[in-house]
Amino acid sequence: MAVVEEIRASSEALLSAKAPRKPANMGQIIRWLLLFGGGILMVMPIAYMISTSLKWPHEVYNVNLIPVEPTIENYTFVLEDGRFYGWFINSIIIATITTICNLLFDSLVGYTLCKFRFPGRYIIFIAILSTLMIPTEMLVIPWYLMSQQFGWLDTYWGIMFPGLMTAFGTFLMKQFFETVPDDFIEAARIDGLNELQIWWTVAMPLVKPALAALAIFVFLGNWTAFIWPLIVTNSVEMYTLPVGLSGFGDEADVAWELIMTGAAISTIPTLIVFLIFQRFIIRGVVMAGLKG
Amino acid sequence: MYRNLSIKQKQIVWAWAFLALPVLFYGVIRFYPTGNAILISFQDWNLLGERNWSGLENYIKLWNDPVFWKVFKNTFLYLLLGTPISLVISFVIAYHLDQLRFMHGFLRMLYFLPFMTSAVAMAWVWRWFYQPVPIGLFNNFLASLGIPQIEFLNSTTNALPSVLAPAVWAGLGFQVIIFMAGLRAIPRSYYEAARIDGVSTWTVLSEITLPLLKPTIVFIVVFSSIGFLRIFDHVFNMTTNNPGGPLNATKPLVLMIYDTAFTGYDMGYAAAQTVVLFVILLVVSLIQLRILRDR
C-alpha cells in the first residue's frame, strides 16, 4: 500500500511532465544513440518475425531484414488451412467475454467492498485478497477434474471459467472507487436511484481510466494464456491461438516461414492495439502495476 | 418487506446481493480447488483407478526423486539469473531514458513493445534464432563473422540461459515503465539541493535515487521473481520435441507438474508438486515483503 501511495501521482507525471531540458551536449547525444540502438535491438525479434513471414522459403536463411521479394503467400497458405482462422476467432471470443466479466464483477465487488458497510466485509476482502497468493498452477489439477466431472472439457466455458473474476482486478477497482466521493453516492440515493443504478450510472463513469487499464490487462492476459487452454482443450477446433500455434510449430517442423507467419498472426493484433492506444496503455500499465 | 428496512439494513441486503455470485465463484473456483489440491497430494491416484490415501508417500517420493532436485535447481536458476539481470538492465535503461527528451515517447515504445507479445509466439521466434547453421539467425551471424558456432538449445549448459533470454526480454518493457514512474516520483528538490552542494552524479545515484526507489525495486523484484518461478510457456515451446530437455536441463517446476499430471496422469504426485510450488512462492513473497516493511 505504501508503495502505491508514494507513486500514485507519478503515473500522470510519467506522461505529462517532461524531463528538464538539458543542452544537447556530447554526453546527451551518446546517451540517446545508445538507447536508440538498444531500442532497435529490443524490437529486432518482432521485426525478424514479420520479415520472415513475408519471405519465400528459399530466402528464409538469409539474415537480411528486408525481404528481397516480399510475398503474402505464407499468410494465404496459413489462413487457407482454416485452423488459424478458427483459433483466432476462439481467442477473440474468449478474451472478450472474460474481459467483460472481469470489468463487471471486479468493479461490482470492488465497489461493494469500498462503499458499503456490512457484517462480513472485512473477511470477504481478506479472503479475496488471499487468493492472490494461490498460483494458477496449483489449481489446474482440481479445475481439470471439475471440468471432467461436469463435461466442461473442450468447451469455451471450460477455457473461460477460471478467469471470470480476479482478485487483482477487484483490488485495483476497490482502490479506484476510494477516489469517488461518498457525497456523490449519497446525493444519488436522495434522488431515488437504487444501489445498482448508483453503481452503474454514478460510480462506474468516474473510474473509466481504471476500467480501461483492467480491460487491457485482462484481455492481454487471456489472449496470451497458454497452460490452462492447453490442458482443457482436446480437439483442434477448440484451441486458442497460443495452443494452436504451439502444435502448429511442432507440425510445421522446419518450415520456419510458416511458423513465423503463425506467430505474427497471434502477435500483430496486440501490437496494432498498442500502437493506436500507446499513451493510454502505458498509463494503464503503470496504474495497474502499482496498485495491483 | 424491503420497504420496512432501515437504510442500514437495506445496504446490507444490497451488499450481499452484489456479492452472492462472486462469493460463490471464489468459493468454488478458488478455495475449494486449493483445498482439493492439498487433499489429492496425500492420495495415490492415476485418474482412472482408485483414489487411495497414501499419507506422505508423494512427498517422500518427491524428496527421493533426483529429477525433482534437478528441477528445483533449474527453477531457482531461472529466478536467480532472471531477476537480477532484468532488474539491472531495466534500471539502466529507465535511468537514462528518464533524462532524455528527444523522441522520448518513441524510445519508450521500442522498449515496451515486446511486453505486448505472446510468449508462445516469441518462444518460437527465438527458437528459430537459436537453430544451428544454416537455419538460425544467431549462428548465421556468427558464421558470417567467422566465429565458431554456439550450441544454444541442444547444450545442457547453454539451454537454460537461452530459454531465459526471451523471458527477460519480454518483461523488460514493463519494468522500465515502472522504474520510470518511480524515478518521476522522486521530488526534484532533492536533486536541486544535491546540485547546489556540488555532489557527484554517482553520489546522487547511490544516496538519493536508489534509496528512494526502494519501494519500486522491491515491487519489481517480487513481481519478476514470481514470474520466473512460474516460467512455463517459453520452456515448453522452445523444447516441444523433448519438453524440459536436453536431459531436464531446462525443466522448471511447472513443466514437471504438467508432465506428471497430464502426460503421466499421476495426479497425487503432481498435486504434491503444486503444493511445493505454492510453498516456494509463499516463502519467497513473504521474505520480500519483510524486506519492504523494514525500509
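Domain bounds, as used in these legends, come from an automatic or database domain assignment. The model is predicted, so that local features need pLDDT of at least 70 and side-chain atom pairs count only at pLDDT 80 or more, whereas totals for chains, interfaces and linings use all residues. Residues are numbered from 1 along each chain as its sequence is written, with chains lettered from A and ligands numbered from 1 in the order in which they are written.

**View 1. The two domains of chain A.** The assignment divides chain A into domain 1 (26-71) and domain 2 (75-291). Their C-alpha centres are 32 Å apart, and seven residues from each of domain 1 and domain 2 of chain A take part in the contact between them (C-beta atoms, placed from the backbone, within 7 Å).

**View 2. The interface of chain A with chain B.** Here 79 residues of chain A are in contact with 79 residues of chain B. Helix H3 (residues 26-53) of chain A contributes the most to the chain A side, with 13 residues; helices (H or I, at least four residues) are DSSP runs, as are strands (E, at least two), numbered from the N terminus.

**View 3. The fold of chain B.** Chain B comprises 13 helices and two strands. Its radius of gyration, taken over C-alpha atoms, is 25 Å, well over the 19 Å that the globule rule (2.2 Å times the number of residues to the power 0.38) gives for 295 residues, so chain B is more spread out than a compact globule. The C-alpha trace of chain B spans about 75 × 70 × 35 Å along its principal axes.

Note on methods. Two residues are in contact if their C-beta atoms, placed from the backbone, lie within 7 Å.
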